[in-house]
Amino acid sequence: MGSDIRAPSLIVMTADGGDEAVRRFLRECLEEFLRELGDWVRIASVSSEPEHGMDLLRSANWLTGRLREIGFPSVELWQTEDGAPAVHAAWCEAPGAPTVLVYSHHDVRAVRTDVWGESLPFEPQVRDGKMYGRGASDAKGQILAHLWGLRAHLSADGRDAPPVNLKLLIEGEEEIGSPHLAALLADHRDELDADLIMMSDTLLWSREAPALCTGLRGMLSAKLEVFGPYRDIHSGTVSGVAPNPCAELCKLLAQLYDEHGRVTLPGFYDRVIELSPQERDAINALPYSDEDWLERTETRTVGGEDGYSVLERVWTRPAAEILAFIGGDPDGPSRGAIASVASVDMNLRLVPEQKAAEAAEQLKRWVAERISDKVVYELSISLEAAQEPYRTPPDHPALEALGRAMERGFGAPLAGQMRNGGGGPASLLSDALGAPVIFFGTGLPQDRWHDSDERADIDTLLKGSATMAFFWPELAETLTDGQARPSRAQAVRKTPSP
């Protein structure tokens with residue numbers, strides 16, 4: 001790992017001594033924290049490639065060892081049949097206090113080493129205030145921010161245990177759609193019982209303008225294969241008369257959006273509800289500009305559905321995306337043949353009240369109605385791996401507690417509200433455990449999730465750690481036995497200026 005470890009710019013606030021004690025602890029332990037993250041990033045816990053099965057086990061065992069060192073009395077490695085290992089930990093020594101389950105994942109996306117131009121995926125480097133490496137942000141850094149925050153809280157307050165009953169579930173299959181998570185939740189329902197779930201596999205808006213995340217979109221994946229000739233055929237021999245699956249697939253996909261940027265699947269918007277004026281104002285209060293957005297996301301241009309801001313489109317409106325298109329000779333020289341088959345991988349991004357099963361039927365009907373009768377096709381939809389959208393109950397008192405903790409942790413007032421455009425098993429967790437889900441993560445739009453040269457902003461990790469150090473006592477004062485009660489923290493807290 002590189003040696004460019006610079007002092008963080010954590011804001012020293014003129015708040016009580018406990019706040020400064022948390023910040024001092026995080027500053028003093030910075031090098032230790034980065035060594036930990038680097039050690040974990042080196043483990044190539046890729047869930048989509050069977051050859052990394054032992055790496056997933058090593059990753060889970062690395063985490064179990066670290067949790068025991070921190071002081072969790074109960075740490076277990078869980079594994080379903082044919083599934084990757086998950087880690088469960090519990091520290092429940094606060095009678096009458098709320099029980100919180102923190103969910104995240106230790107598996108990472110596959111890599112193409114040949115396109116990592118700034119670093120190597122599993123050789124972590126620190127430079128310019130960032131750690132580079134696969135999983136540094138998504139989501140090993142987010143998990144360690146929780147552990148660092150817990151350590152900072154215990155150190156600053158002189159406590160032997162958290163002020164809430166804290167449980168962790170860190171699974172190893174999120175990047176492949178969590179295919180065994182439902183079984184894991186069913187098998188361990190009692191051990192996972194909680195009043196509140198915190199999902200930490202999410203993005204922030206920015207470290208300078210923190211925003212409270214209140215939900216995420218769902219996701220449905222599908223693969224469409226289109227078959228033309230029975231074999232690849234010399235293009236000159238049959239050109240102009242043979243069915244061309246690449247061309248027919250292009251014609252079909254060109255109809256996916258209408259001239260207003262709306263998905264054309266029949267009934268796709270029937271369940272979509274409009275934002276309340278309050279939430280729309282909270283989203284659009286964030287400091288946004290096209291220039292900043294394009295620079296941070298590296299997306300070149302802005303498009304989408306008419307009548308909505310960019311942030312409304314990406315967080316609160318449904319979408320359809322083509323992720324892969326294969327046909328003919330994608331590698332090497334062309335053989336000059338009409339391909340016998342072409343295929344696309346796609347996903348639908350769903351918003352609250354939309355249902356994955358209904359969207360699957362809409363996609364089936366759309367393809368059947370619009371595809372050419374000159375070809376045959378096969379549409380495969382992964383309902384088992386579908387993720388339903390989720391929104392946190394807007395009046396849940398934990399949101400206010402988290403907002404106060406974020407203001408203390410980031411040293412800035414909340415800039416507004418946001419959601420996450422990606423998916424996750426929030427709805428599954430909530431339904432299986434009968435508890436609401438709130439969201440807090442330390443990822444940023446510029447962290448290059450799922451892409452080459454993934455990175456995590458170190459200052460954001462530390463501010464996220466401070467937020468978690470402040471959140472647990474805030475939550476303990478706000479909830480007792482899972483119910484809201486008055487607390488001193490409900491008074492308006494004046495956040496000192498940076």
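Author: Start with a term: a polar contact is a pair of N or O atoms within 3.5 Å, one able to donate a hydrogen and the other to accept it. Keep in mind that this model is predicted.

Reader: What makes the pair Ser206 and Ala209 a polar contact?

Author: A polar atom of the Ser206 side chain lies 2.9 Å from the backbone nitrogen of Ala209. The limit is 3.5 Å, so the pair counts.

Reader: Where does Ser206 lie?

Author: In the loop between β7 (196-199) and β8 (211-216).

Reader: Why is Ser206 called buried?

Author: The relative accessible area of Ser206 is 10%. Buried means under 20%, so Ser206 is buried.

Reader: Which residues does Ser206 touch, leaving out those up to four places away in sequence?

Author: Arg296 and Leu444. Contact here means heavy atoms within 4.5 Å.

Reader: On to Arg296. Where is Arg296, and is it buried or exposed?

Author: Arg296 lies in helix α9, residues 290-297. Its relative accessibility is 10%, and the cut-off for buried is under 20%, so Arg296 counts as buried.

Reader: What polar contacts does the side chain of Arg296 make?

Author: One of its polar atoms lies 2.7 Å from the backbone oxygen of Trp205. The Arg296 side chain also pairs with the side chain of Gln446, at 3.1 Å. Both values are within 3.5 Å, so both pairs qualify.

Reader: Why is Cys29 called buried?

Author: Cys29 has a relative accessible area of 11%. That is under 20%, so the label holds.

Reader: How much space lies in the second largest pocket, and which residues are closest to its centre?

Author: About 310 Å³. Of the 18 lining residues, the closest to the centre are Ile273, Pro352, Glu353, Arg391 and Arg419.

Reader: How does the lining of the second largest pocket divide?

Author: Into 7 nonpolar, 4 polar and 7 charged residues. Arg and Glu count as charged, so Glu353, Arg391 and Arg419 belong to the charged group. Ile and Pro count as nonpolar, so Ile273 and Pro352 belong there.

Key: Residues numbered from 1 in each chain as written. Predicted model: local features only at pLDDT ≥ 70, side-chain atom pairs only at ≥ 80, totals over all residues. Heavy atoms only, no water. Buried < 20%, exposed > 50% of the residue type's maximum accessible area, 1.4 Å probe, protein only. Helix = DSSP H or I, 4+ residues; strand = E, 2+ residues; numbered from the N terminus. 1 Å grid on protein atoms, 1.4 Å probe; cavity = no way out; pocket = protein on both sides within 12 Å on 5 of 7 lines; lining within 4 Å. Points joined across faces, edges and corners; volume = space filled by probe spheres on them.
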